[in-house]
Amino acid sequence: MEDKRMLRFIAFAMILRLSSEIQAQLEVSFYKNKCGDADVEKIIKEEVSNAFFNDTGIAPGLLRLHFHDCFAGVGCEGSILIDSTPTNVAEKDGPPNGITIRGTEVIDRAKARIEASCRGVVSCADILAYAARDAVVLTRGFSWDVPAGRRDGRVSLASQTVDIPAPFFNLDQITQAFAKKGLTRQEMVALVGAHTIGRSHCFSFSDRLYNFNSSTGQDPTLNPFYAAQLKLQCPRDARGNIDPNLVVQMNTSPALMDPSYYADVLTGRGLFTSDQALTSSSATIAQTRIYALNGFRWQQDFVQAMIKMSQFGVLTGNQGEIRLNCRVINS
């Protein structure tokens, strides 16, 4: 028994050491003096800003891209940007993504500009990490220094999107999904606050309105007035189906990073089952109440959790590659 405990301790220590070594290889201002006169972060910020001013929905799209990239497969290595091929269905076409993906064209434009003056140096994974930060700032969230130096993965499999937390998850399931990526329950509560911006397709939560379980059609934890509003926005046709293109706003301020998400959850207006699940334990309820009353505290915690998440499973050094086109692995 003691030998087994010692082996587990040694294995855990090795994992911590490897994680620390990888994170140590990421640096703030990593591309300074690596691209001549080209300001990598400025170029990315310009492309994100231009897209945002044409469509504010691009901000939550870019943030979600970064989340989904980090949660699927190896980690934050840009694999969500790779296109499917006749012989492989890639992450971007996996069940949680597909038609709900937004923002890849912004990454493409930033990459093209950077490659024109600094070929083969800046990874798609880093561009995505910078773009997610810039998207948060444009929606009036706090900024942060992005540790960079990621390299791009060469594998993208739709099957690996199973690790992305689903909107129908209960509290245990969503907590375990974040724990698998090294994130605590407290960090999970901070990060899901990203649902304060953006929109959702009706099919992501329609079971809460019409087919909750065998005994009730509507989720009893859903505010009845909110449920009535959602049914008007997400009606069923004569066959009981919902138009897959129908979308609703996540809340009343979908382009503003504010703590209204947490206030909504406390009043039964969390859009997803996984959102409303925050009210199913005393610990998460307490944290939700703190964030609902103190947006400054939430923003601080959100930034720290984002920095930690963005370093999960990164490829550095000679690992992976620097893709010349974010959609295609180098030949």
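The model is predicted. An unreviewed UniProt entry lists residues 25-330 as "domain: Plant heme peroxidase family profile". That span is 41% helix and 2% strand, and its end C-alpha atoms lie 23 Å apart.

**Helix α13**

- Helix α13 covers residues 295-309, which is 15 residues.
- From first C-alpha to last, α13 reaches 20 Å, close to the 21 Å expected at 1.5 Å a residue.
- The buried residues in α13 are Trp298, Gln299, Phe302, Val303, Ala305, Met306, Ile307 and Met309.

**Gly61 in helix α3**

- Gly61 belongs to helix α3, residues 58-71.
- Gly61 counts as buried because its relative accessibility is 11%, and the cut-off for buried is under 20%.
- In sequence, Gly61 and Arg102 are 41 residues apart, but their C-alpha atoms are 4.7 Å apart in space.

**Arg151 in a loop**

- Arg151 sits in the loop between α5 and α6 (171-179).
- Arg151 is buried but has no salt bridge.
- The nearest side chain of opposite charge to Arg151 is that of Glu321, 7.1 Å away.
- A polar atom of the Arg151 side chain lies 3.4 Å from the backbone oxygen of Gly320.
- Leaving out residues up to four places away in sequence, Arg151 touches several residues, among them Glu77, Ser123, Ala125, Leu315 and Gly320.

How values were computed:
Residues numbered from 1 in each chain as written. Predicted model: local features only at pLDDT ≥ 70, side-chain atom pairs only at ≥ 80, totals over all residues. Heavy atoms only, no water. Helix = DSSP H or I, 4+ residues; strand = E, 2+ residues; numbered from the N terminus. Buried < 20%, exposed > 50% of the residue type's maximum accessible area, 1.4 Å probe, protein only. UniProt positions renumbered as here; feature names shortened; annotations may be inferred. Expected span 1.5 Å × (residues − 1). Lys, Arg positive; Asp, Glu negative; His and termini not counted. Salt bridge = Lys/Arg side-chain N within 4 Å of Asp/Glu carboxyl O. Polar contact = N/O pair within 3.5 Å; in protein donor to acceptor, adjacent residues only side chain to side chain. Contact = heavy atoms within 4.5 Å.
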